[in-house]
Amino acid sequence: MIKHKFVQTAILTFGLLLCSNNTLANKKNGRYKPVVPKVAKKDVICFALYTVHSNTLKLTAQLYPLSEYSNRNASLEIKKDGKWTEVAKTQVIEKGWTAPFRVENWDDSQTVAYRVRYDNDAIYEGTIRKNPKDKNEIIVAGFTGNSSHPMFGGDISRQDLVENVKKVDADVLFFSGDQVYDHYKHYAEWLKFGRDFGEIIKDRPTLCLPDDHDAGQPNLWGESGKVSTLGGAADGGYKQPGIYVQEVERAQTSHFPDPVDPGNIGQGIGVWFTNLNWGNIDFAIIEDRKFKTGPAGRVPKQGPRPDHIRNPEYDPASVDVKGAVLLGERQLNFLDKWTQNWKDANMKVVLSATIFCGGAHIHGSAKGRLHADMDSNGWPQTGRNRALETLRKGFAFHYAGDQHLATIFHHGVEEFRDSIYSFCVPSIANLYLRWWEPLEPGANRKPGAPSYTGDHLDGFANKVTNFAAANPEKMPSGNKLSTRAAGFGIVRFNTKSRDITMECWPRNVDISSPTAKQYTGWPKTISQFDNYSPLSWEVSGNLTFDVNNPVIQLIDNESNEILYTLRIKGKNYALKLPKGKNFTLKAGVDTPSKVISKSVTVGGSDQTISLK
Amino acid sequence: MDSVKGSFFSSVAKPLNSLYNSTDKNVTSREKLNFSVEGRGISILRLGTLLCFLAWAWVHFYWEGPYTVLIWNETTYAWAESLGYNWDEIVGTGANDGLFQTLLSQLYWGYLICAIMALSARKEKPLQLIVLCLGTLMMSVLMYAKYLKANSQLPMFVEHGGQMLMSALLASALYFGIKHKVTLTVAIIAFITTFAGHGCYAMGLWPTPSQFYGMTTIILGFEYETTTTFLRIAGILDFIVCVGILIPKTRWYCAIYATAWGLLTALARPVSGMSMELNYFGADQFLHEALTRAPHYLIPLFLVLLFKKQKNADQS
């Protein structure tokens, strides 16, 4: 019997490997090969992306190649009193054919029509929206993983996404990464991205965060721009030449608000981490790959790849090696200041490629269970904890992607649920399947909630609480988007009530239809204040102010560290604090400049505070 | 046990001894020279096969082979199911490995056996020669998986011609002799595919692999433009040696260049990647990269020997 089984499996191995793959069997399942189409001169402007921040408009027009034309200048015009007026000129950058415009002293209180001109032949029109400060609800549509490979449904039209964005009239578009999957032809595929989404991008602020595939590699541990030579890139650094990465970042991020700390990293690669203040929400845009250390050779081998841990008995502390970086000091310094600055902001949102935990257990199915994946932001644990400790000081909500698996997590550092929430959106087209499927049921679940929800330790022993996971079907399902759990996210930020509602939609549904269903576990609404509300904290007392929405700040008297800074809702705030500690309370209308009390503790008395 | 041990070691040691044993009193000096060349040629091929298969055995044992792209599709599952395997057996229950993962984790045995055969194979042992030929089949499957993983780029398959044909070349050399036209043809095909495949990438006929840029930048410190020029020139030279190896007057020089270039490019992997800061200096990550590429310099070296011999014979 054993012999029979052995012979059968041996035949199976070779037979399967040689003959059964889809690519060989069926040409239509082949990979997408991006090409740059030839277009007429009048169509050379493919699409345009923009942001407005601190009264500065930055708009980048993406052009088709201008090789056959001599002119390298493009202009930006806006419609003023019914007439088109030129507001900026720029020179087209030939490497990647981008035309970056910058207009300072921009009046963001008006919606304005714009058009990009190239010669007198090509015109591309769109709308610069006014800053939606007067809206209570800011809608941010989130996307990730724009796989183009037909064998995974990447050839299916994106028009359903475009139509749904129009229906909800999203205020901001957020593409968390992997807008481009071809590792050598970013330009060609970026143009396709523009053809697919340009219709909605041209009329609203859009943030595209270049991730690993955009940069031309399967995973990315940027290590401040070093050169990677290991297959899989787990040695850290960039596989593609710096000049390629620069072109990618120019195409996707040159319309971002100026970087807050603009020094280049290795190979002349720039940085784009910054913040965007829009609609009374302060968005931090961070680069969770660029400075991250590569694990190969740094951590003890625990699996078949340097970045994969398959040994469930391993010691999680053994991989939290000294010196391993996640966000890096430059970004942590920025985030530290960002959490303290509440000017024109009622809420804070952090946007990055992926979430701060190992948010999946089964990867790719045939590979079986993976205990931990160092491509996630669960590793290195110290870096992960530092990031969360910083972000929770501003009650920031985390919006991300990359996992190919939609999830909602409430993260913990010292205890479960003592830090921020994250929403990882599903892929537009899902190249690689993952499942959140813990072996043990989660603790402290809500009654009736699936067993995979609740409190868990991820593969790095990080504390996480799951509230939802849009697991794909167990059988691989070819190019069917529905069974591969593809989709997109919508987050509604109510800047008045301070509620955050996460929606997770499958592909090819009309989300305005009453019969349309979201993935199981969505929608979920949390409060902004849930992003830093440890269960162990106790009431100190009620604060009553004489102004609306003041900013408060608490400073630990022993360590002199800021516990948090927050723009409260309304005039009243029930102060909660850690037990056994003494804090200084500061407050102000926009900045917490006034010391209210130098000794605030649990069990303190109610206070009435005047800031007028 | 002793007899088993003795039999195994003698089967390995005997052909090795024969490589150096040219003192038979009954052979003429010309025959001695032939025998010495034959022995050296065989030893080069044995070494190439041994290093290549040992390194791949290491990859399969310590890391994993690139087979995901082959097994992760519906057709594969449908076929496995038609053979009586259910879903849980194929992919595992979640808590354990499924059939595919279990099978893949054992593949290193195949490479290890071929590595041993590289030492022990003899003309009189047809089974061992068959195993060497199966090594070529096994390597072809591996390279096919790499080819699919690389977006079905033809050069990705072609450039591994040397690695795929290495063990078959050894089997042919043992069975027919190193000068036999079958052996020579296989060696030439292995040579041309290896260098033409790399040349296609280096010249940019297909997107030049980012590692080519990375290694050049790290080792030579070139900027992007200089690196591009350097790689284009290297690519042109790759094609020139592919043609030159077919021309009697130039083939010996081409083989010498190819030996040097094959060795340098194989060494470039560990040289650019290893570091004092890494565990084991990064040897477990990078060293096998140079060894799997042993055919890239040892097949040309074999041709250097062969063509030198023929050159000398022609002159005499």
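## Getting started

A residue counts as buried when its relative accessible area is under 20%, as exposed when over 50%, and as partly exposed in between, with a 1.4 Å probe and protein chains only. By that rule A:Phe395 is buried, at a relative accessible area of 1%.

What you see is a predicted model, where local features need pLDDT of at least 70, side-chain atom pairs count only at pLDDT 80 or more, and totals for chains, interfaces and linings use all residues. Residues are numbered from 1 along each chain as its sequence is written, chains are lettered from A and ligands numbered from 1 in the order in which they are written, and side-chain values use heavy atoms, leaving out hydrogens and water.

## The two chains

Let's start with chain A, which has eight helices and 33 strands. (Helices are DSSP runs of H or I with at least four residues, strands are runs of E with at least two, and both are numbered from the N terminus.) Of its 612 residues, 64% are buried. Take the contacts in chain A with a separation of 6 or more: residues 24 or more positions apart account for 70% of them. Contact here means heavy atoms within 4.5 Å. Chain A exposes about 21700 Å², with carbon and sulfur atoms supplying 50% of that; accessible areas come from the Shrake-Rupley method with a 1.4 Å probe, and for residues only the protein chains shown count as cover.

Chain B, on the other hand, comes with 16 helices and zero strands. Buried residues make up 51% of its 316 residues. If you look at chain B contacts between residues at least 6 apart in sequence, 71% join residues at least 24 apart. Its accessible surface is about 14400 Å², and 67% of that belongs to carbon and sulfur atoms.

## Nonpolar cores

A nonpolar core is a set of buried Ala, Val, Leu, Ile, Met, Phe, Trp, Tyr and Cys residues joined through side-chain atoms within 4.5 Å. The largest one has 93 residues, and the members touching the most others are A:Tyr114, A:Phe397, A:Tyr399, A:Phe423 and A:Trp522. At least three of its residues come from each of domain 1 (41-128) and domain 2 (137-532) of chain A, with bounds taken from an automatic or database domain assignment.

There's also a second, separate core of 76 residues, and B:Ile44, B:Ala115, B:Leu174 and B:Val241 are among them.

## Rings and charges

Rings of Phe, Tyr and Trp (its six-membered ring) pair if their centres lie within 6.5 Å; planes under 30 degrees apart are stacked, over 60 edge-to-face, and the rest tilted. Over all chains, that gives 43 aromatic pairs. One of them is edge-to-face and joins A:Phe395 to A:Tyr564, at 4.9 Å centre to centre with 90° between the planes. The pair links distant parts of the chain, 169 residues apart: A:Phe395 is in the loop between helix 8 (381-391) and strand 17 (397-400), while A:Tyr564 is in strand 29 (residues 562-567). A:Tyr564 is buried too, at 0%. In chain B, B:Phe222 and B:Phe230 are also edge-to-face, 5.7 Å centre to centre and 70° between the planes. B:Phe222 is partly exposed at 28%, and B:Phe230 is partly exposed at 27%.

Ring pairs also build a cluster out of A:Phe47, A:Phe143, A:Phe175, A:Trp190, A:Phe193, A:Phe197 and A:Phe488. Then there are charges over rings, which means NZ of Lys or CZ of Arg within 6 Å of the ring centre and within 35 degrees of the ring normal. The charged end of A:Lys41 sits 4.9 Å from the centre of the A:Tyr69 ring, and A:Lys348 lies over the face of A:Trp342, 5.1 Å from the ring centre.

## Backbone spots to look at

The one from A:Trp379 to A:Pro380 is cis, with omega near -10°, and A:Pro380 lies in the loop between strand 16 (372-373) and helix 8. Another cis bond joins A:Trp522 and A:Pro523, with omega about 0°.

A:Trp97 isn't a glycine, yet its phi is positive, about 50°. A:Trp97 is in the loop between strand 4 (83-91) and strand 5 (98-103), and is buried at 10%. Over in chain B, B:Asn151 has a positive phi near 65° and belongs to the loop between helix 8 and helix 9 (154-158).
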